Amino acid sequence: MEVNEQIAIDHGLSKDEFKKINDLLKRKPNLTELAIFSAMWNEHCSYKSSRKHLKNLHTEGPQVIQGPGENAGVVDIGDDEAIVFKIESHNHPSFIEPYQGAATGVGGIMRDVFTMGARPIANLNSIHFGSTQNKKTKNLLRGVVKGIGGYGNCIGVPTIAGQTHFDESYNGNILVNAMTLGLVNKNKIFYSKAAGLNKCLISVATLSIDPEIIPSVVK
């Protein structure tokens with residue numbers, strides 16, 4: 001199938017974005033490539049509507065160990081300790097399936113915190129729903145609150161603070177913002193970026209890999 005502008009629009013891309021993709025590739029994308037751009041350039045992954053506002057936030061300072069560009073931010077709190085934090089929105093997933101959408105949102109940011117070497121110690125949230133008169137609001141509120149608390153409770157991380165807001169402007173889609181704080185020694189922070197040549201890389205693609213070849217792969 002030859003990709004055209006209408007197919008791009010059907011995938012949630014704008015006309016300008018389709019033109020940008022053509023410019024980047026110096027050709028029309030195939031359907032698989034278009035789907036990848038659609039997934040990576042959607043609101044959930046790229047924060048298209050809020051990126052311009054996020055750029056106005058302060059990201060540098062004497063206490064900032066890690067700003068944007070890693071799994072989570074890191075701030076020096078003294079005594080060789082640092083706070084690792086991450087906030088993420090899981091809006092539409094929570095609107096479609098409130099418990100699982102909210103729970104996986106919390107799980108994702110907790111993952112990003114402990115992959116930096118930190119121990120998660122607290123969760124927070126800011127959740128926004130439609131009018132209290134809207135027939136969906138009660139079910140969404142109940143599911144989101146249970147999802148946020150349930151995931152944290154499973155691994156012993158408490159939700160210590162939150163904000164809840166109701167307005168009819170959220171009748172068509174809710175906002176579910178979750179945050180995790182972690183504690184780490186400054187000398188034990190892990191980063192996702194690997195630099196240098198001749199680094200060892202091990203990838204296990206399937207559980208059916210022949211155990212006889214594992215030693216040779218690791219070696």
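Modeller: Let us begin with the term patch: residues in one have over 30% relative accessible area and no salt bridge, and nonpolar side chains are joined within 5 Å. In this predicted model, Ile77, Ile121 and Leu183 make a nonpolar surface patch of about 240 Å².

Biologist: Why is Leu183 called partly exposed?

Modeller: Buried means under 20% relative accessible area and exposed means over 50%. The relative accessibility of Leu183 is 35%, so Leu183 counts as partly exposed. Leu183 belongs to strand 6, which covers residues 175-185.

Biologist: What is the order of the strands in the open sheet, and what makes strand 1 and strand 5 its edges?

Modeller: The open sheet has six strands in the order 1-2-3-6-4-5, with mixed pairing. Strand 1 (64-66) and strand 5 (159-166) each have a single partner strand, so one side of each is left without a neighbour in the sheet. From one strand to the next, the twist averages 20 degrees.

Biologist: How do you know that strand 4 and strand 5 pair?

Modeller: Pairing requires at least two bridges found by DSSP, and strand 4 (residues 119-129) is joined to strand 5 by seven bridges, in the parallel sense. Asn125, for instance, has Gly162 in strand 5 as its bridge partner.

Biologist: What makes you say that helix 7 packs on the sheet?

Modeller: Contact means heavy atoms within 4.5 Å, and helix 7 (residues 98-114) touches strand 3 (81-89), strand 4 and strand 6, its direction making about 25 degrees with that of strand 6. Helix 8 (residues 137-154) lies across strand 4, strand 5 and strand 6, and runs at about 175 degrees to strand 4.

How values were computed. Residues numbered from 1 in each chain as written. Predicted model: local features only at pLDDT ≥ 70, side-chain atom pairs only at ≥ 80, totals over all residues. Heavy atoms only, no water. Patch = residues over 30% accessible without salt bridge, like charges linked within 9 Å, V, L, I, M, F, W, Y side chains within 5 Å. Areas by Shrake-Rupley, 256 points an atom, 1.4 Å probe, with all protein chains shown as cover. Salt bridge = Lys/Arg side-chain N within 4 Å of Asp/Glu carboxyl O. Helix = DSSP H or I, 4+ residues; strand = E, 2+ residues; numbered from the N terminus. Buried < 20%, exposed > 50% of the residue type's maximum accessible area, 1.4 Å probe, protein only. Axes fitted to C-alpha atoms, helices over the stretch in contact; angles between N-to-C directions.
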